[in-house]
Amino acid sequence: MNAQPVTAQPVAAQPAAGQCPVDHRALAAATAASSPAGHHGYSPFDMNDPFPAYAELREEEPVMFDERIGYYVVSRYADIKAVFDNWVVFSSENAQAPVRPRGAAATKIMADGGFTAYSGLSARVPPEHTRMRTIVQQEFSPRRYKALEPTIRENTARLLAQMLAHPDARGDFLKDVAVDIPTITILGLLGVGPEMVPTYKKWSDSRAAMTWGDLDDEEQIPHAHNLVDYWTECRRLVSAAHEAIDAGTAGTDLVADLVRAQLAGGEISDHEIASVCYSLLFAGHETTTTLISNTIRMLLSHPDEWQKLVDDPKRIAGAIDETLRYSPSIVGWRRKALVDTEIAGTPIPKGSNILLLMGAANRDPSVFEDPEVFDIDRANARTHLSFGFGIHYCLGNMLAKLQDKIVVEETIRAVPGLRIVDPEAIVFGDNLSFRAPTSVPVTWKANA
């Protein structure tokens, strides 16, 4: 099947796309035998090495309906970019919806706890999205990033020194460095102290599990309690900002600045500001932790590429873009068809859920030469789709890349001889969208 540009022309009516099944794994086993090559080897929640399956999908069935999850799975670059760019036909309203419906117990816990959180921006559509993004984007300024840089660098140097003090000259770059850097940064951006890092990380893990994971009803219960606490804290941050502004004691954190914008006439409600916090506290650190981990993991797994940076740190920006292309934090994102349409000649009925595999698009040979090669000097690496495309292009992309750049710079300075331990044994957590390593074991020569 040849990929064709996405069109929004009406097509013959089709049955609505199926809802997420209750048990993904059971249905996967039941349907694999009757599906072509077991859906070409694609397993929706297995993130350990999805790229061979992505290649088969691009070649054999670039738009595939996967009844195990109830989504049309799209894998070619041109098609995914076109869907991202057509918000009128392909809505983002399902981007934050639970992949697996919440069970009765979790639903009750969240309702009783007053959980009414909604997407900050990624699942909103114009004109609401336009109104909110205009206000929020003004606060994501180069001035704010520049003010954060010294603290990011200080925290990175401190965490690296702590890791390098391990007497056995072994560490886990993920846990020792990558988790805390973006978490402290985003909490500081929102006016929260670093002592809250473990609590926010717990809440963030629950959000990832509840939204993009494959939990049964019982497994959802502790995460539901965590999300209630998470949302309560987001509302508290907004209330505290109002009180501080009234008292004349407010700082210049993002929450206070959004409340000031509101008080100055900006059309953004307290609930919407709390929802922005809810999204940022997750997206602002979870994907950046993974980006940092993957950058170090990929560079150390390719020693020649790492040495290029040791010799010439000016190449770091290119290495980050190539990591985003080759091993992104997010490999799949969701859209919903608002009309009967088609993608690459495949009819897509109105109401269908669509999973866009950016991880597959980023290795599309029609766009990237030798796409399976990790090359930090790749000329067009920045054309990756890991931050999305169109009106929902990731608002925090510059902050994520800044933190990654600082971490790589400080690591090269502190321990240029850093080495990775058995990269082929690294495991990635189960998830529909996020491809995050569970550890990045490293070693170095003590006292070197």
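Visitor: How many aromatic pairs does a search of the whole structure find?

Guide: The model is a predicted one, and the search across it returns 15 aromatic pairs.

Visitor: Why is the pair of Tyr77 and Phe368 called edge-to-face?

Guide: The ring centres of Tyr77 and Phe368 are 5.9 Å apart, and rings pair if their centres lie within 6.5 Å. Their planes stand at 75°, and planes over 60 degrees apart count as edge-to-face. The pair is therefore edge-to-face.

Visitor: What makes this a link between distant parts of the chain?

Guide: Tyr77 belongs to helix H4 (residues 77–84), whereas Phe368 sits in the loop between helix H16 (358–361) and helix H17 (397–414). The two residues are 291 residues apart.

Visitor: How do you know whether Tyr77 and Phe368 count as buried or exposed?

Guide: Buried means under 20% relative accessible area. Tyr77 has 9% relative accessibility and so counts as buried. Phe368, at 0%, therefore counts as buried too.

Visitor: What makes Tyr326 and Phe374 an edge-to-face pair?

Guide: For Tyr326 and Phe374 the distance is 5.6 Å centre to centre, with 70° between the planes; the limits are again 6.5 Å for the centres and 60 degrees for the planes. Tyr326 is in helix H15 (residues 316–326) and Phe374 in the loop between H16 and H17, so the pair ties together parts 48 residues apart in sequence. With 13% relative accessibility, Tyr326 counts as buried, and Phe374 counts as buried at 5%.

Visitor: How do you know that the buried residues of helix H5 lie on the same side of H5?

Guide: In H5 (residues 104–112), the buried residues are Ala106, Ile109 and Met110. They cover an arc of only 90° around the axis, and therefore they lie on the same side of H5. An α-helix has 3.6 residues a turn, so residues three or four places apart point the same way. On the other side of H5, Ala104, Lys108, Ala111 and Asp112 are exposed. The cover over the buried residues of H5 includes helix H10 (197–212) and helix H11 (217–247).

Visitor: What makes strand E1 and strand E3 the edge strands of the sheet?

Guide: The sheet is open and has 5 strands in the order E1-E2-E8-E5-E3. Strand E1 (63–66) and strand E3 (90–91) each pair on one side only, and they are the edge strands.

Notes
Residues numbered from 1 in each chain as written. Predicted model: local features only at pLDDT ≥ 70, side-chain atom pairs only at ≥ 80, totals over all residues. Heavy atoms only, no water. Buried < 20%, exposed > 50% of the residue type's maximum accessible area, 1.4 Å probe, protein only. Helix = DSSP H or I, 4+ residues; strand = E, 2+ residues; numbered from the N terminus. Arc of directions from axis to C-beta. Contact = heavy atoms within 4.5 Å. Pairing = 2+ DSSP bridges. Phe/Tyr/Trp six-rings, centres within 6.5 Å; stacked < 30°, edge-to-face > 60°.
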